[in-house]
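User: I would like to learn how to read salt bridges in a model. Please take me through them.

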Amino acid sequence: MALPRGYAQYGNNKVMTASPAELTLMLYEGAIKFCNIAIMGIEQNDIEKTHKNIVKAENIIGYLRETLDMRYPVAKDFENIYVYLHDRLVEANIKKDKEILEEVCGHLRSVRDTWKEVMRFGREKGTV
C-alpha cells in the first residue's frame, strides 16, 4: 500500500529536521511498533509477518548499538541492554514466542520513556 505523497513527504521532513535525540526517540518508537506487529503476526499465525517485523526491530537495535559513543561510561550500559534485547529478539524469532516479544516490547517502552525524560530534562537545561 502506497502512502499519499503528502504524508510521505511529511514523514521525510520530520526525519530530516529532527535532532539526534528526536531521531533516537523515533528509533525506539519504530522498534516498539515492529515488535507489536510481530506479536500480531504470531496471533494470526502469520510466520512471514512475524519474521519480517522481528528482523526490523533487530536492525533498529543493531543500529542503536553501532552508533553508541563509547567515550561515555553510560554507553556500556546501553550496549548491554541492546545486546540483551537483540538476543531475545533472535530467540523470539526462532521460537515465534509472543511472551518474549512482549518482554522485549516492555523493555523498549521503559527505555523510550526514560529517553523522553532525558530529552525533557535537556530541553529545560537548554542542552537538547
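User: Is Asp-113 buried or exposed, or partly exposed?

Analyst: Asp-113 is partly exposed, with a relative accessible area of 37%; buried means under 20%, exposed over 50%, and partly exposed in between (1.4 Å probe, protein chains only). This is a predicted model, where local features need pLDDT of at least 70, side-chain atom pairs count only at pLDDT 80 or more, and totals for chains, interfaces and linings use all residues. Residues are numbered from 1 along each chain as its sequence is written, and side-chain values use heavy atoms, leaving out hydrogens and water.

User: Which residue forms a salt bridge with Asp-113?

Analyst: Side chains of opposite charge can pair when their charged atoms come close. The criterion is a side-chain nitrogen of Lys or Arg within 4 Å of a carboxyl oxygen of Asp or Glu. Here the partner is Arg-112, with the closest N and O atoms 2.9 Å apart. Arg-112 is buried, at 13%.

User: How many salt bridges does the structure hold?

Analyst: It holds 11. One of them joins Glu-103 and Arg-88, with the closest N and O atoms 2.5 Å apart. Glu-103 lies in helix α5 (residues 98-125) and Arg-88 in helix α4 (residues 74-95), so the pair ties together parts 15 residues apart in sequence. Helices are DSSP runs (H or I, at least four residues), numbered from the N terminus. Arg-88 counts as buried at 19% relative accessibility, and Glu-103 as partly exposed at 22%.

User: How far apart are Glu-117 and Arg-120 in helix α5?

Analyst: They are 3 residues apart, about one helical turn. Their salt bridge has its closest N and O atoms 2.7 Å apart.

Terms used. Helices (H or I, at least four residues) and strands (E, at least two) are DSSP runs, numbered from the N terminus.
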